[in-house]
Amino acid sequence: MLEIKGLTVKYKVEGKECLALHHLDMKLEEGDICAVIGPSGCGKSTLLHVLSGILSDYSGLVTIDGGPVDPKQKRIGFVPQNYGLLEWANAYDNALLGLDIKHESRLGQGPYIEYILKQLGLWDIRSKYPSQLSGGQKQRIAIARSFILKPHLLLMDEPFSALDAITREEIQDLFLEVWKENKVSTVFVTHSMEEAVYIGRKIAVMSPSPGRIVKVLENPLFGAGNLRLRDEYYRFVMELRKMAKEEWSN
Ligand SMILES: Nc1ncnc2c1ncn2[C@@H]1O[C@H](COP(=O)(O)OP(=O)(O)O)[C@@H](O)[C@H]1O
Ligand SMILES: [Mg+2]
């Protein structure tokens, strides 16, 4: 469904060119989840900005279902690193923004919307505004928005980074539950090895800046259940950490 060949992105900073991504190749099959890990500054967010259509100044080939990236044609859900909330809209309206932009009715969606907001611990604060909320609460609104949209392609940029450990685990499980129901094709950026192994069916490892994908692993533990209680999980995380360290120290 998603194919990237030779993606190269350069930013201009004070007249100088800065190479952010260099010949990045990647594929995502329909219904797959790819966790992308990479060191800070390697271009993870840049990659998602290209895929979400925010950044169109690039070279290389990026196609979704064989066509160009066009958020107007494709339902692309994006949880940006800075949450992307409207300050003048309350939590409820922010969570439904994806539907509103697509001019889709909120009617008939009520029970699902309520379920998602309750599961994310947002129901009781739904009339509050972003300025009255914590970082973790804002992050959960951005996640709710993407779940409520039921996108064709879901892009998440370190979506659980502002959450405390327990909430983070609960919401990782909620993500997997929602994914199982809808099988949304997902690209998930994280710098956490544990999270990549918990959530990714595939794990793509990026090089340091300028970023490209240097390895793609099939996650043998994906969907195995009760992962956090299993030794294999921690062993695989350790192997991944070792491998990534080698890639990133070159
Ligand atoms: N809007 C921008 N203008 C100039 N340089 C940028 C911009 N956004 C990102 N960069 C640079 O591009 C590189 C990749 O950034 P980013 O994609 O945010 O990395 P990551 O998300 O992996 O931390 C970094 O060197 C960063 O400083
Ligand atoms: Mg980033």
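Predicted model: local features only at pLDDT ≥ 70, side-chain atom pairs only at ≥ 80, totals over all residues.
## The four-stranded sheet

Let's start with an open sheet built from four strands, lined up in the order S2-S1-S4-S5, with antiparallel pairing. Its edge strands are S2 (16-28) and S5, each of which pairs on one side only. Helix H1 packs on this sheet and touches S1, S2 and S4. The direction of H1 makes about 70° with that of S2.

Begin with S1 and S2, which run antiparallel and are joined by nine bridges. One pair to look for is Tyr11, which stands opposite Cys18 in S2. S1 and S2 make up a hairpin with two residues between them, and in that turn Glu14 has a positive phi of about 45°.

Next comes the link between S1 (residues 2-13) and S4 (residues 59-64): five bridges, with the strands running antiparallel. Here you can pick out Lys5, standing opposite Leu61 in S4. Moving on, S4 is joined to S5 (residues 67-68) by two bridges, and this pair also runs antiparallel. Ile64 stands opposite Gly67 in S5. S4 and S5 form a hairpin too, with two residues between the strands, and Asp65 takes a positive phi near 50° there.

## Helix H1

H1 covers residues 44-51, and it is largely enclosed by the rest of the structure, because seven of its eight residues are buried. The buried ones are Lys44, Thr46, Leu47, Leu48, His49, Val50 and Leu51. Just past the end of H1 you'll find Gly53, which takes a positive phi of about 90°.

## Around ligand 1

Which residues are closest to ligand 1? They are Tyr11, Ala20, Lys44, Ser45 and Thr46, out of 13 residues that surround the ligand. The elements giving two or more residues to this shell are S1, S2 and H1. H1 provides the largest share, with three residues.

Some of these names have come up already. Tyr11 is the residue that stands opposite Cys18 in S2, while Lys44 and Thr46 are among the buried residues of H1. As for the make-up of the shell around ligand 1, seven of its residues are polar, five are nonpolar and one is charged.

## The six-stranded sheet

There is also an open sheet of six strands, in the order S6-S7-S8-S3-S9-S10. Its pairing is mixed, whereas the pairing in the four-stranded sheet is antiparallel. At the edges sit S6 (76-79) and S10 (213-218), and each of these pairs on one side only. From one strand to the next, the twist averages 15°.

S6 and S7 (residues 153-157) run parallel, and four bridges join them. Phe78 has Leu155 in S7 as its bridge partner. As you follow any of these strands, keep one general point in mind: in a regular strand, side chains alternate between the two faces of the sheet.

Definitions and conventions: Residues numbered from 1 in each chain as written. Chains lettered and ligands numbered in written order. Pairing = 2+ DSSP bridges. Buried ≥ 20, exposed ≤ 12 C-beta atoms within 10 Å, placed from the backbone. Contact = placed C-beta atoms within 7 Å. Axes fitted to C-alpha atoms, helices over the stretch in contact; angles between N-to-C directions. Near = placed C-beta within 6 Å. Nonpolar A, V, L, I, M, F, W, Y, C, P; charged D, E, K, R; others polar.
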